[in-house]
Amino acid sequence: MRSWGLAFAAMTCTLAHAQYPVDARVDALQSATENHAVSSLDPYRARATLLPDTVPNQFASDTSDIPVQPVAPMWWETPVGDSIGLAENTMPVDIHSLIEMALVSSPYIQAILTEPQIQRTEITIADAEFDSLSFVESKFADTNDPVGSRLTTGDNSDRFRDETLSGAAGLRRKMRAGGQFEMSQQAGYQANNSTFLTPNPQGTTRLEFSFTQPLMKDRGTTFNQTRILLAQLEVGEINAEVRANLENHLVDVARAYWDLFQARADWLQRSRLLESANHLYQILLSRKGVDSQQRQILRAGVAVAGRRSDLIRAEARIRNAQSRLRMLTGSEQLRFADQQELTPQDHPFTIPVELSLRESVFTALEHRADINQSIRKIQATSARVGAARNQVLPRLDLILSSYVAGLDGDRSSLRAFENQFSDGRPTYAAGFLFELPAGNRASRARLNRSRLEMTRAMYEFQQTTEVAFAEVEIAARETQTAFAEMVVKQQSIVAQKREVDYLQQRWELLPDPNESAILLIDDLLDAQERLADEERAYVNAQVAYVMSWVNLRKAMGMLLRFDHFSTQDVTGEIGAADSYLDRDSADQLYGNESFDEETLMGSWYETSGPSERAP
């Protein structure tokens with residue numbers, strides 16, 4: 001028997017991060033915010049140490065005689081994986097194959113896997129703010145205006161005619177410390193009918209540099225790269241959300257598989273129940289006029305009709321489960337599931353599972369996606385508080401500029417360009433800009449809002465952690481409860497089977513033509529119904545036990561784990577990201593996990609969990 005890995009699935013891939021040119025001080029900022037958030041888990045870790053190492057056995061007084069050992073297999077567990085005649089074609093399925101189909105083919109999974117990729121583009125957009133900007137501009141103006149003053153032309157001309165060609169090319173860039181740098185080379189010529197333009201015509205050039213550096217507000221690498229930090233934290237939040245959605249969808253696939261198993265087991269049980277009633281009916285019919293009464297025959301006929309109706313409903317449940325699996329996996333192989341019979345090959349496990357409540361809570365604190373998402377929100381809010389605190393400061397900017405200029409006659413900008421480096425000396429200027437709004441109310445209000453958001457994020461983090469505590473405790477308790485219920489249900493089947501055998505033997509060996517024989521038929525049919533109900537309840541308990549273990553792993557945050565990163569994107573192709581990825585670098589802070597089908601599928605096979613493969 002081979003185990004399937006749903007309950008114990010701990011998916012691992014390779015972690016690396018895109019090497020955006022982010023200053024080390026941004027890493028320091030994020031480390032500071034994470035340390036504050038992670039340290040908030042310390043009180044909950046202390047609480048977890050006080051929990052018992054094992055789950056308290058609330059059934060100790062009532063089930064002390066229950067054997068703690070695997071439950072014996074039932075008669076329907078082997079034929080449930082064989083064809084029952086619902087279609088000509090059969091297709092064996094198991095948890096592994098269905099999970100693989102869902103990860104490869106499900107449109108829902110493909111859609112949510114693109115979310116981190118979409119959000120990761122925001123990091124590039126935020127970082128592109130510091131890219132250099134090149135520009136070129138030019139303008140030609142031919143002016144012909146009436147002269148209203150002799151100072152315009154210096155002579156008696158009645159029109160002022162002027163030709164001007166100007167152009168500039170340069171580079172602008174915002175520095176990561178907040179400074180604005182610009183360099184431009186200007187060139188052009190001018191010719192007019194004014195006596196004041198000397199030489200006329202003339203070529204001009206000018207090479208200019210300017211730099212503005214904030215000294216208070218908007219100053220510093222940390223502040224100016226806050227947008228990059230927030231985008232990276234948002235990627236981490238999206239990854240946590242994607243992980244939760246993946247877990248929910250794959251749990252739905254597992255639940256649909258067990259619904260199929262449950263429906264087929266119910267069909268087999270109802271089929272045997274119908275055979276029992278039909279066998280009884282045929283015997284009574286053959287003995288009509290001997291020792292069978294008409295009322296007995298009618299009672300058995302009603303039972304046959306009712307059980308046949310139940311069998312039709314059981315068949316519909318099987319087909320509905322197959323349709324749901326087709327929808328959840330989106331696989332081409334299951335496109336014609338209504339014309340196929342899917343035969344489940346994995347059986348529910350029936351072994352007791354040893355649980356450590358303390359270790360389960362510790363694991364949940366470390367690995368739950370919602371706790372990780374809450375920590376990301378605290379980090380992002382903390383960064384916004386720091387940015388808002390910077391904006392409260394007054395603006396004080398240092399402004400520096402310098403240029404060299406050249407001039408030459410006969411419209412020669414080329415000779416003017418040479419002259420700007422040989423004639424004269426550079427011109428320079430320096431100054432300060434100071435601004436402070438009266439009262440500075442807007443900036444202070446934004447800072448107060450950010451602090452309130454930080455308080456809200458901390459309360460949400462506390463609530464999320466309390467939810468994690470409660471869900472782990474409940475899931476662990478439900479796992480123990482489900483196993484105890486399954487064992488008791490098996491005992492109920494054994495007891496009910498004895499009653500059916502007793503009534504069957506009494507009816508076959510002690511025929512009575514009196515009224516008591518009719519009552520004996522009713523008792524026998526009712527006992528058969530109760531046996532079938534107990535068998536159905538046992539299968540329900542089996543499935544509940546399997547799903548309780550899956551839910552426990554999910555509550556612990558261990559159903560899916562992404563500790564590493566793969567550069568293969570969701571389309572299965574190696575993208576351009578390979579050029580800037582460092583596979584040896586770890587970036588747990590930024591959370592640049594990647595979700596691709598290959599690593600997802602592989603993890604289901606690398607781990608083992610409690611389940612049984614059909615022999």
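**Notebook: a helix pair and some aromatic rings**

The model is predicted, and local features need pLDDT of at least 70, side-chain atom pairs count only at pLDDT 80 or more, while totals for chains, interfaces and linings use all residues. Residues are numbered from 1 along each chain as its sequence is written, and side-chain values use heavy atoms, with hydrogens and water left out.

I found that the axes of α2 (residues 42-49) and α9 (residues 357-367) come within 9 Å and cross at roughly 165°, the axes being lines fitted to C-alpha atoms over the stretch in contact, with angles from 0 to 180 degrees between N-to-C directions. The two helices are therefore roughly antiparallel (angles over 145 degrees).

I then listed the contact (heavy atoms within 4.5 Å): Tyr44, Arg45, Ala48 and Thr49 in α2 meet Arg358, Val361, Phe362, Leu365 and Glu366 in α9.

Next I searched the whole structure for aromatic pairs, meaning rings of Phe, Tyr and Trp (its six-membered ring) with centres within 6.5 Å, and there are 9. In one of them, the rings of Trp76 and Tyr538 have centres 6.1 Å apart and planes at 70°, so I noted the pair as edge-to-face (over 60 degrees). Trp76 lies in the loop between α2 and β2, and Tyr538 in helix α13, 462 residues apart. I checked that both Trp76 and Tyr538 are buried (under 20% relative accessible area, with a 1.4 Å probe and protein chains only).

Methods: Helices (H or I, at least four residues) and strands (E, at least two) are DSSP runs, numbered from the N terminus. Angles under 35 degrees count as roughly parallel, over 145 as roughly antiparallel, 65 to 115 as roughly perpendicular and the rest as oblique. Rings of Phe, Tyr and Trp (its six-membered ring) pair if their centres lie within 6.5 Å; planes under 30 degrees apart count as stacked, over 60 as edge-to-face and the rest as tilted. Buried means under 20% relative accessible area, exposed over 50%, partly exposed in between (1.4 Å probe, protein chains only).
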